[in-house]
Amino acid sequence: MSLTGELSTIQRRLLQRGELDSDSTWLRLEPICKDIVAGAGALKGGNYQTAKEKFASARGKTLGVESLEVLRVQAYNGEAEATLRLATKYVSQSGQLKSALIEFLTLVNKFPDTAARQTADLIVPDLSLRVAAHARAAGDDPSYWYEQLVLHYPESPQAETARIALEDLK
């Protein structure tokens with residue numbers, strides 16, 4: 001409860017100084033803290049269903065504000081949405097395309113019937129070609145990335161490009 005109060009005070013001060021914008025992480029933390037406090041109160045009062053709902057709500061809200069390390073742990077623990085967010089964070093960071101592709105391929109393999117997988121399906125074919133091209137430009141063997149593309153998306157136009165590239169590498 002004191003953490004929620006402290007965050008609210010900090011948030012108000014930052015807003016007054018004009019140091020927060022509408023996309024600030026601080027603005028997303030307060031509702032998370034409120035859910036945690038409400039969940040703790042419900043738990044203390046014996047209302048386990050409400051506590052469970054509030055804690056689940058807080059957990060869901062944290063996905064957008066977590067660090068890469070926290071997302072890595074959640075992804076490792078088998079959470080599809082965390083894996084998707086981790087992959088998209090990697091895409092947004094220059095030089096992290098290979099890491100992003102690894103996470104997207106994890107979605108493809110571990111979470112076949114999820115909305116997160118559907119998102120991965122839109123990104124993986126083109127991203128695979130980009131990662132393979134970067135590997136080739138760096139003097140590394142791009143075969144693995146081409147093979148993953150052909151394996152998971154054999155009917156895609158990008159898979160045909162990958163097949164041609166694999167033949168050229170022989």
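What share of the contacts in the protein chain with a separation of 6 or more comes from residues 24 or more positions apart? Such residues account for 37% of those contacts. The structure described here is a predicted model.

## Overall architecture

The protein chain contains 9 helices and 0 strands. Along the sequence, the elements follow the pattern α-α-α-α-α-α-α-α-α. The chain has 170 residues, and buried residues make up 36% of them.

## Confidence of the model

The average pLDDT of the protein chain is 78, and 67% of the residues score at least 70. Among the elements, helix α1, covering residues 2–16, has the lowest mean pLDDT, at 56. The highest mean, 95, belongs to helix α9, which spans residues 157–169. Where pLDDT is low, the predicted coordinates should not be read in detail.

Helix α8 comprises residues 143–152. Its buried residues are Ser143, Trp145, Tyr146, Gln148, Leu149 and His152. The cover over these buried positions includes α6 (97–110), α7 and α9.

Histidine 152 belongs to this helix. Its relative accessible area is 18%, which is under the 20% limit, so histidine 152 counts as buried. Leaving aside residues up to four places away in sequence, histidine 152 touches Leu105, Val108 and Asn109.

## Packing of α6 against α8

Two packed helices are described by the angle between their axes and the distance between the axes. For α6 and α8, the angle is about 25 degrees and the axes are 12 Å apart. Because this angle is under 35 degrees, α6 is roughly parallel to α8. The crossing of these two helices is left-handed.

On the α6 side, the contact involves Lys98, Leu101, Ile102, Leu105, Val108 and Asn109. On the α8 side, these residues meet Trp145, Gln148 and His152.

## Packing of α7 against α9

Helix α7 runs from residue 115 to residue 137, and its axis comes within 9 Å of the axis of α9. The two axes cross at roughly 25 degrees, which makes α7 roughly parallel to α9. This crossing is left-handed. Pro125, Asp126, Leu129 and Arg136 of α7 form one side of the contact.

With a relative accessible area of 49%, histidine 134 is partly exposed. Although histidine 134 and lysine 98 are 36 residues apart along the chain, their C-alpha atoms are separated by 9.0 Å.

## The aromatic pair

A pair of aromatic rings is described by the distance of the centres and the angle of the planes. The structure holds 1 aromatic pair. Its members are tyrosine 144 and tryptophan 145, whose ring centres are 4.8 Å apart. The ring planes stand at 85 degrees, and since this is over 60 degrees, the pair is edge-to-face.

How do the two partners compare in relative accessible area? Tyrosine 144 has a value of 45% and is partly exposed, whereas tryptophan 145 has a value of 8% and is buried.

Definitions and conventions
Residues numbered from 1 in each chain as written. Predicted model: local features only at pLDDT ≥ 70, side-chain atom pairs only at ≥ 80, totals over all residues. Heavy atoms only, no water. Phe/Tyr/Trp six-rings, centres within 6.5 Å; stacked < 30°, edge-to-face > 60°. Buried < 20%, exposed > 50% of the residue type's maximum accessible area, 1.4 Å probe, protein only. pLDDT = per-residue confidence, 0-100. Helix = DSSP H or I, 4+ residues; strand = E, 2+ residues; numbered from the N terminus. Axes fitted to C-alpha atoms, helices over the stretch in contact; angles between N-to-C directions. Parallel < 35°, antiparallel > 145°, perpendicular 65-115°, else oblique. Left-handed = near helix turned anticlockwise from the far one by under 90°. Contact = heavy atoms within 4.5 Å.
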